[in-house]
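Subject: Structure for you to look at

Hello,

Here is the structure I promised to pass on. Please open it and keep it beside you while you read my notes.

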Amino acid sequence: MSKFGLTKTIGSWSLEKYKLLRIMYLKHLEANTGRKSVCVDAFAGCGTYYLQQAEKPKKIDGSPLIAAKMKPGFDKLVFIESDKTVFDELKHNTKRFKPTLYNADAHEILPQIIPELMAKNTSVAMFLDPCSLDLPKELMHELAEIPRLDLAINFLSSFVHRTAHTEKGRNDINKLYGHSAWQQTTGKGTIQKHANQYCKVLHSIFPYVTAPMSVLNSGNRAVYHIIMASTYGK
Ligand SMILES: C[S@@+](CC[C@H](N)C(=O)[O-])C[C@H]1O[C@@H](n2cnc3c(N)ncnc32)[C@H](O)[C@@H]1O
């Protein structure tokens with residue numbers, strides 16, 4: 001427990017997510033020496049977690065601290081978190097790195113900061129890690145205007161699979177994909193098919209998109225997929 005009594009536990013599969021994120025940040029920083037490099041973590045969380053099922057309680061860095069501790073470091077860190085209690089813990093956990101913090105909705109803040117992220121000689125590494133299907137296609141189009149952006153998205157593929165049978169779920173997924181054709185996805189391997197379809201959506205927006213990288217739970221089932229997209233070379 002942190003002094004805020006909040007620090008949460010996360011599954012060991014999150015370590016895979018963090019590994020992929022570190023790789024993207026490292027490659028981004030290596031490729032952008034001489035530029036002002038900005039890291040934007042738009043769904044930042046509280047910054048520190050305990051690993052579930054560890055024999056002894058093991059504290060690990062969440063995505064904002066991973067960004068903050070990169071070497072070489074980012075020139076600017078921007079963390080957005082909408083939940084006030086989570087935000088207060090994030091503020092406490094990241095204080096020594098002097099980030100720019102927003103206790104606000106990422107959908108309001110991102111459009112406001114895009115002009116700054118588009119500035120000359122600036123490069124941007126961004127992580128979008130929502131807890132729901134809260135990434136409308138219009139937002140992706142706005143982000144694709146940033147000229148030197150490397151983006152990692154946590155695509156909640158198993159969540160898509162689970163919620164697709166409810167009306168609200170289908171509406172949310174329609175906004176995410178920008179179409180309803182995904183509703184024909186059925187049969188074996190549906191979770192992977194959802195992730196592949198989302199990659200196709202991203203391909204229609206960004207010049208470079210990776211294949212979806214599945215993050216598996218202890219039962220060897222995909223919990224979510226990490227997908228990276230980039231505007232370099234646009
Ligand atoms: C999956 S957690 C983030 C975990 C973190 N990225 C990590 O890996 O350490 C998602 C966080 O986003 C926050 N959140 C949800 N909707 C948001 C929004 N619209 N704007 C900003 N933060 C939001 C939640 O409160 C939650 O703390």
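Start at strand 11. There, His-225 is the bridge partner of Ser-214. Strand 10 (residues 213-216) and strand 11 run antiparallel, and 4 bridges join them. The two strands form a hairpin with 5 residues between them. Please remember that this is a predicted model.

Now look at the turn of that hairpin. Asn-220 lies in the loop between strand 10 and strand 11. Its phi is positive, about 65 degrees, although Asn-220 is not a glycine. Is Asn-220 buried or exposed? Asn-220 has 7 C-beta neighbours inside 10 Å, so it counts as exposed.

Strand 11 matters for the next point too. The largest nonpolar core has 59 residues. Strand 11 (residues 222-230) gives the most to this core, with 7 residues. Cys-39, Met-126, Leu-151 and Ile-227 have the most contacts inside the core. Which residues does Ile-227 touch, leaving aside its neighbours within four places in sequence? Ile-227 is in contact with Ile-153, Phe-155, Tyr-198, Cys-199, Leu-202, Val-209, Thr-210 and Pro-212.

Next, the other strand pairs. Strand 1 (residues 8-10) and strand 3 (residues 48-51) run parallel, with 3 bridges joining them. Lys-8 stands opposite Tyr-49 of strand 3. Strand 3 also pairs with strand 4 (residues 59-61), over 3 bridges, but in the antiparallel sense. Here Thr-48 has Asp-61 in strand 4 as its bridge partner.

Then find the ligand. How many residues surround the ligand? There are 17, and the closest are Phe-43, Gly-45, Gly-62, Ala-106 and Asp-129. The shell divides into 7 nonpolar, 5 polar and 5 charged residues.

Some single residues deserve a visit:

- Ser-14 is in helix 1 (residues 14-31). It counts as buried, because 20 C-beta neighbours lie inside 10 Å and the cut-off for buried is 20 or more. Ser-14 and Glu-89 are 75 residues apart in sequence, and 19 Å apart in space, C-alpha to C-alpha.
- Arg-96 lies in the loop between helix 3 (84-94) and strand 6 (100-102). It is exposed, with 7 other C-beta atoms within 10 Å. Arg-96 and Ala-68 are 28 residues apart in sequence, but their C-alpha atoms are 9.4 Å apart in space.
- Lys-98 is in the loop between helix 3 and strand 6. It has a positive phi of about 50 degrees, although it is not a glycine. Lys-98 has 10 C-beta neighbours inside 10 Å, so it counts as exposed.
- Pro-72 is in the loop between helix 2 (63-68) and strand 5 (76-80). A cis peptide bond joins Lys-71 and Pro-72, with omega about 0 degrees.

Last, step back to the whole chain. It has 8 helices and 11 strands. The radius of gyration is 17 Å, close to the 17 Å that the globule rule gives for 234 residues, so the chain is as compact as a globular protein of that length. The C-alpha trace spans about 50 × 45 × 30 Å along its principal axes. Of the 234 residues, 38% count as buried. Among contacts with a separation of 6 or more, 68% are between residues 24 or more positions apart.

Best wishes

Conventions:
Residues numbered from 1 in each chain as written. Predicted model: local features only at pLDDT ≥ 70, side-chain atom pairs only at ≥ 80, totals over all residues. Near = placed C-beta within 6 Å. Nonpolar A, V, L, I, M, F, W, Y, C, P; charged D, E, K, R; others polar. Pairing = 2+ DSSP bridges. Core = buried A, V, L, I, M, F, W, Y, C linked by C-beta atoms within 7 Å. Buried ≥ 20, exposed ≤ 12 C-beta atoms within 10 Å, placed from the backbone. Contact = placed C-beta atoms within 7 Å. Rg over C-alpha atoms; globule rule 2.2 N^0.38 Å.
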